[in-house]
Number of protein chains: 2
Amino acid sequence: MQYFTDTDMGLDIGLVNLAVESAFADHGRGLVQMPPKLYITLPSGDFRTMPAYLPSLGIAGVKIVNVHPDNPSRGLPTVMALTVILDIATGQPVAVINATRLTDMRTGAAGAVAAKYLAPKKEIVLGVIGTGKQAEAQVAAISRELKIQSLKVWSRNPDHVRKFADRFMEYPCLSVPIEKACDCDVLVTTTPSRSPIVRNEWIREGTHINAIGADAPGKEELDPAILRRAQVFVDDPAQAVHSGEINVPISQGMYREADLAGTLGEVVIGKKKRASRDTITVFDSTGLAIQDLAIAKIAMQHGRTYELPFL
Amino acid sequence: MQYFTDTDMGLDIGLVNLAVESAFADHGRGLVQMPPKLYITLPSGDFRTMPAYLPSLGIAGVKIVNVHPDNPSRGLPTVMALTVILDIATGQPVAVINATRLTDMRTGAAGAVAAKYLAPKKEIVLGVIGTGKQAEAQVAAISRELKIQSLKVWSRNPDHVRKFADRFMEYPCLSVPIEKACDCDVLVTTTPSRSPIVRNEWIREGTHINAIGADAPGKEELDPAILRRAQVFVDDPAQAVHSGEINVPISQGMYREADLAGTLGEVVIGKKKRASRDTITVFDSTGLAIQDLAIAKIAMQHGRTYELPFL
């Protein structure tokens with residue numbers, strides 16, 4: 001059994017995007033096994049358990065990932081992850097992978113796949129709400145699929161925008177009020193908000209939105225009126241209803257699962273698409289175990305490893 | 001993060017029984033978080049993902065365990081397991097544990113707890129159907145809770161009974177036809193059978209049965225008529241309906257979840273008990289993640305460890 005650490009080292013973002021796109025295609029064709037992730041609540045956070053099997057890649061395993069919002073005050077990341085990979089033929093554990101950074105990358109990759117297929121054009125003004133690790137991962141991944149003309153970034157803390165801009169020197173990067181960030185071609189929302197922070201009147205026709213932040217019951221970033229105006233695509237319907245951007249509007253009777261336009265997998269395989277140039281499209285990302293397996297497959301070809309006895 | 005290997009080394013069976021009994025007590029009091037295990041089907045087997053949180057022990061984590069019946073022909077165990085333990089306060093992975101042998105021990109411990117509370121008397125004739133690792137684990141664990149007068153063992157292969165007897169030289173051990181093995185005080189069934197092998201007319205009043213073998217949809221060892229005569233206690237109702245001894249009878253309309261007498265946890269806390277000396281009692285074991293956490297807690301105080309970098 002091998003232990004992989006620091007596995008983001010040397011991973012090519014374009015390759016990760018492609019692997020995640022392929023996993024979504026398999027999902028769209030119904031070729032994967034992936035029950036909805038299980039949540040366990042801990043006193044100051046939670047952890048999620050995400051098993052899956054991706055036959056086309058010949059990979060099966062489980063990601064275990066926590067969310068502890070107070071961790072930064074202890075000098076620890078909010079989110080940490082470990083992925084266990086099993087041999088398909090025998091079920092034997094063959095790898096344990098530190099998947100903390102991989103989790104950021106694979107979520108970025110899902111956003112990039114959504115933007116590639118759903119953005120209104122190929123050269124975009126990219127609006128960014130929030131400036132944490134996931135905002136960074138989204139911009140890095142989307143930049144491989146679309147040409148970014150400029151970044152319009154909002155954070156509660158303007159210092160954070162300056163630091164964010166320093167990481168993307170290759171693009172004009174404006175620190176703007178939140179409503180100005182929404183005036184863009186592709187908007188990514190990456191906050192842990194529990195009430196809508198993006199108002200309906202700020203979103204113009206044709207915008208594509210990656211709604212990334214909501215990943216647990218009670219979380220939401222978008223005014224539900226935006227969802228009702230838009231074609232909403234989810235990564236996985238069961239997970240999205242439970243914990244995605246649509247979870248609060250659905251629980252309040254302001255949105256119905258039947259209103260969904262489809263899944264990202266269906267978009268990737270061409271079964272579903274943006275209805276028109278003026279349509280607002282939303283990708284509601286909760287994070288799929290198959291994304292974790294797709295990136296694990298790449299990570300196992302890189303990364304520093306330790307050999308561990310198992311049998 | 002620590003990796004623990006060979007963690008059965010030096011574990012005291014009595015201590016394991018006690019920890020598992022305490023976990024069942026917490027389960028009976030509703031003090032644990034444990035969603036039903038998730039099954040993923042692989043081409044020649046399956047794997048199960050089992051997250052849980054046991055506040056009283058301050059332990060949280062996930063066991064991942066496969067079942068591949070053809071593995072012995074490849075020189076591998078049918079069942080292999082890995083447990084990941086997270087820090088409660090921060091969610092950080094703190095331990096990865098080789099849990100293959102621990103899985104046998106903790107299932108044995110559940111059988112011992114059931115026999116301790118449900119056996120008709122303290123000195124018993126123990127009937128054993130099947131002679132694999134789990135049969136051995138059941139006898140070893142039960143011997144710590146009850147006085148075994150003799151063992152009556154059946155296997156399709158008499159050679160296996162001889163080898164089994166060699167492991168328990170301290171008891172008279174008879175190789176018997178299956179119906180004679182059923183003529184006992186406590187019967188343990190540990191086969192992978194997919195049709196009933198224990199007939200109703202072989203079971204006399206007052207017998208306690210640990211039904212261990214059925215742990216996946218389609219598996220069953222007991223004539224459903226035995227279940228209808230008996231008080232049936234399960235480890236967890238949701239798991240038992242899905243994959244325990246009762247799963248086939250329920251799916252065929254020959255048993256109902258409402259017929260269950262209760263859970264082992266309820267028995268341990270005194271809320272439920274054997275109705276009379278003549279009642280047949282059945283413990284339907286599917287295996288709980290909280291058993292895995294209880295034994296992991298002990299294993300982490302023993303076993304050989306490797307220190308791995310995580311952050």
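Mentor: Start with how the copies are related. This is a predicted model. Chain A superposes on chain B by a rotation of 180° with 0.0 Å of shift along the axis, and the RMSD is 0.0 Å. That is the relation of a two-fold axis. In chain A, the C-alpha nearest the axis belongs to Thr49(A), 3.9 Å from it.

Trainee: Why do the copies meet through the same surface?

Mentor: Compare the two lists of interface residues. Of the interface residues of chain A, 100% are also interface residues in chain B, so the copies meet through the same surface.

Trainee: Now the single chain. How many helices and strands are there in chain A?

Mentor: Chain A has 10 helices and 17 strands. Then check its radius of gyration against the globule rule. The radius is 19 Å, close to the 19 Å that the rule gives for 311 residues, so chain A is as compact as a globular protein of that length. Its C-alpha trace spans about 60 × 40 × 40 Å along the principal axes.

Trainee: What percentage of the residues in chain A is buried?

Mentor: Buried residues are 56% of the 311 in chain A. For that count, a residue is buried if 20 or more other C-beta atoms lie within 10 Å of its own. Sequence separation is another guide. Among contacts in chain A between residues at least 6 apart in sequence, 71% join residues at least 24 apart.

Trainee: Into which domains is chain A divided?

Mentor: Domain 1 covers 2-103 + 290-307, and domain 2 covers 107-287. In chain A, their centres, taken over C-alpha atoms, are 22 Å apart. Between these domains, 18 residues of domain 1 are in contact with 22 residues of domain 2.

Trainee: Which element gives the largest share of the domain 1 side?

Mentor: Helix 1 (residues 13-28) of chain A does, with 10 residues. By class, the side of domain 1 that touches domain 2 in chain A has eight nonpolar, six polar and four charged residues.

Conventions. Residues numbered from 1 in each chain as written. Chains lettered and ligands numbered in written order. Predicted model: local features only at pLDDT ≥ 70, side-chain atom pairs only at ≥ 80, totals over all residues. Least-squares fit on C-alpha atoms with pLDDT ≥ 70 in both. Contact = placed C-beta atoms within 7 Å. Helix = DSSP H or I, 4+ residues; strand = E, 2+ residues; numbered from the N terminus. Rg over C-alpha atoms; globule rule 2.2 N^0.38 Å. Buried ≥ 20, exposed ≤ 12 C-beta atoms within 10 Å, placed from the backbone. Domains from an automatic or database assignment. Nonpolar A, V, L, I, M, F, W, Y, C, P; charged D, E, K, R; others polar.
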